[in-house]
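Please look over the sequence and the model shown below. The report that follows goes through selected side chains and their surroundings.

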Amino acid sequence: MVTSFRDLRVYGDARALAREIYALSKAWPREERYSLTDQIRRASRSVMANTAEAWRKRRYPKHFASKLSDAEAEACECRAWLDVALDCGHVDAATHNALDVRYHALIGGLVTMQRDSARRCSLASGAREPVVGYDTARGSEFPV
């Protein structure tokens, strides 16, 4: 059962890919720091961030689908930056292909969630989130 954005398979996959992109890009030339390295790191992290945002917006099916669409676009951007890394010789063909295949699968998961957004959104299925007070005395500003 999914109780948090961290329970979503697509979030876990995006997080793992972001870690791998970070580790891989650490070895890239210094002159790529503000172009390729920064761009691919930002895009890879944005996939997971947009997925998390979609989860919080799930009570609004259209907004949920829109944030997933943003995550999908960022994942596609990662594929384009991987192409640049391959063309520049920063990754070998096997690494490029392995990451590209994983991003392709991740995009498929995001598209599936978009298509099925009405069922995946709690209010669309008739469920209501419980009213939860904020307990600032314990340091918890937000309900879980």
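Lys67 is buried, with a relative accessibility of 12%; buried means under 20% relative accessible area, exposed means over 50%, and partly exposed is in between, using a 1.4 Å probe and protein chains only. This is a predicted model, in which local features need pLDDT of at least 70, side-chain atom pairs count only at pLDDT 80 or more, and totals for chains, interfaces and linings use all residues. Residues are numbered from 1 along each chain as its sequence is written, and side-chain values use heavy atoms, with hydrogens and water left out.

Lys67 forms a salt bridge with Asp70, and the closest N and O atoms are 3.7 Å apart. A salt bridge here is a side-chain nitrogen of Lys or Arg within 4 Å of a carboxyl oxygen of Asp or Glu. Both residues lie in helix H3 (residues 61-87), three residues apart, which is about one turn of the helix. Helices are DSSP runs of H or I with at least four residues, numbered from the N terminus. Asp70 is partly exposed, at 32% relative accessibility.

## Other salt bridges

How many salt bridges are there by this rule? The count comes to six. One of them joins the side chains of Asp13 and Arg9, at 3.6 Å from N to O. Asp13 and Arg9 are separated by about one helical turn because they are four residues apart in helix H1 (residues 9-25). Arg9 is exposed at 56% relative accessibility, whereas Asp13 is partly exposed at 31%.

Another salt bridge links Arg102 and Glu20, at 2.7 Å from N to O. Arg102 belongs to helix H4 (residues 93-115) and Glu20 to helix H1, so this pair ties together parts that are 82 residues apart in sequence. Both side chains belong to partly exposed residues: Arg102 has a relative accessibility of 33%, and Glu20 has 34%.

## His90 in a loop

His90 is located in the loop between H3 and H4. Is His90 buried or exposed? His90 counts as buried, at 19% relative accessibility. The side chains of His90 and Glu32 are joined by a polar contact of 3.2 Å. A polar contact is a pair of N or O atoms within 3.5 Å; within protein, one atom must be able to donate a hydrogen and the other to accept it, and residues adjacent in sequence count only if both atoms are side-chain atoms.

Leaving out residues up to four places away in sequence, His90 touches Trp28, Pro29, Glu32, Leu36 and Ala85. Contact means heavy atoms within 4.5 Å.

## The nonpolar core

The largest nonpolar core has 33 residues. Such a core is a set of buried Ala, Val, Leu, Ile, Met, Phe, Trp, Tyr and Cys residues joined through side-chain atoms within 4.5 Å. The residues with the most contacts inside this core are Leu8, Val47, Tyr103, Leu106 and Leu110. H1, helix H2 (33-56), H3 and H4 each supply at least two residues of it. H2 gives the largest share, eight residues.

Leu110 touches Val10, Val47, Thr51, Leu68, Ala71 and Glu72, not counting residues up to four places away in sequence.

## Cysteines

Across the whole structure, a search finds zero disulfides, a disulfide being a pair of cysteine sulfur atoms within 2.5 Å. The sulfur of Cys76 is 9.2 Å from the closest cysteine sulfur, in Cys78, which is too far for a bond. Cys76 is partly exposed, with a relative accessible area of 45%, whereas Cys78 is buried, at 0%.

Ser117 is part of helix H5 (residues 117-120) and is buried, at 10% relative accessibility. Ser117 and Phe64 are 53 residues apart in sequence, and their C-alpha atoms are 7.0 Å apart in space. Not counting residues up to four places away in sequence, Ser117 touches Pro61, Phe64 and Ala65.

The whole structure holds one aromatic pair. Rings of Phe, Tyr and Trp (its six-membered ring) pair if their centres lie within 6.5 Å; planes under 30 degrees apart count as stacked, over 60 as edge-to-face and the rest as tilted. The rings of Phe5 and Tyr11 have centres 4.9 Å apart and planes at 80°, so the pair is edge-to-face. Phe5 is buried at 18% relative accessible area, and Tyr11 is buried at 8%.
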